[in-house]
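Morning, everyone. Let me put the next model on the screen, and then we'll walk through it.

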Amino acid sequence: MPKHARAGALLAVAVTGLTVALAGPAGAAAKTPGFLAAGDLPPHPASAWTAGRVTAGVPGETAGDACLRALPGHKSAWHRDFRTDLDTNARQITLVLRDTGSAKELTSRLNKDIKSCAARIERQHPDTEATGRDYGQLPVEEGAHVYGVHTETSHGAGDVRLLSVGRDGRTVTVVNWAQLGGFEGAPVKAFKKTTTRAVNKLH
């Protein structure tokens, strides 16, 4: 399997998750939030980033992601995929909830899911060792939080993800960066800047 496909598999960990259906804003269609551009991603040392189109909906495979199982199949949602020519890819998913309280609740559930997903991956995949890291909060709008998750299979294949959850009012955004390798290759400092830009660009 190509390296970029292996790294991409991180965005769809095969663990069945619980989804929730949240209603959209009452009486009006939500305006599409602002999204990251390719140049906002952590620089790759050997390949430029390419950004896909902003597309309506939460990607279907997200329902099976052990770290993002709280993401709903929500009509006021959009996503954008990013890739390099090598083994690194990323995705931003943004949802507009009906009110601030609903957005706070979703943010809380996402943070809990990401914090606990390493243990969940190991339970569902006994041949995989998973480790999570908490890289702390960011002071942007209503706040953002950054995490890392590393998985390694019994035959030595390793992947690392950086994930963040941020909120501005009733809008919640999740940024996911993935690459082959371990924590040593994860650009945490640059990813924090990416997360801050993602939240600042929402409105």
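**The disulfide and its surroundings**

A disulfide joins C67 to C117, with S to S at 2.2 Å. The rule here is a pair of cysteine sulfur atoms within 2.5 Å. By that rule, the count comes to one disulfide.

Some ground rules. This is a predicted model, where local features need pLDDT of at least 70, side-chain atom pairs count only at pLDDT 80 or more, and totals for chains, interfaces and linings use all residues. Residues are numbered from 1 along each chain as its sequence is written, and side-chain values use heavy atoms, with hydrogens and water left out.

Back to the bond. Which hand does it have? The torsion about the S-S bond of C67 and C117 is about 65°, so the disulfide is right-handed. It links distant parts of the chain, 50 residues apart. C67 sits in the loop between β2 (55–56) and β3 (77–83). C117 sits in helix α2. Helices (H or I, at least four residues) and strands (E, at least two) are DSSP runs, numbered from the N terminus.

Buried or exposed, C67 and C117? Both are buried, meaning under 20% relative accessible area with a 1.4 Å probe, protein chains only.

Now the packing. A nonpolar core is a set of buried Ala, Val, Leu, Ile, Met, Phe, Trp, Tyr and Cys residues joined through side-chain atoms within 4.5 Å. The largest has 23 residues, and C67, L68 and L110 touch the most other members. The largest share of this core, seven residues, comes from α2. Apart from it lies another core, of 21 residues, among them W49 and L162.

Key
Buried means under 20% relative accessible area, exposed over 50%, partly exposed in between (1.4 Å probe, protein chains only).
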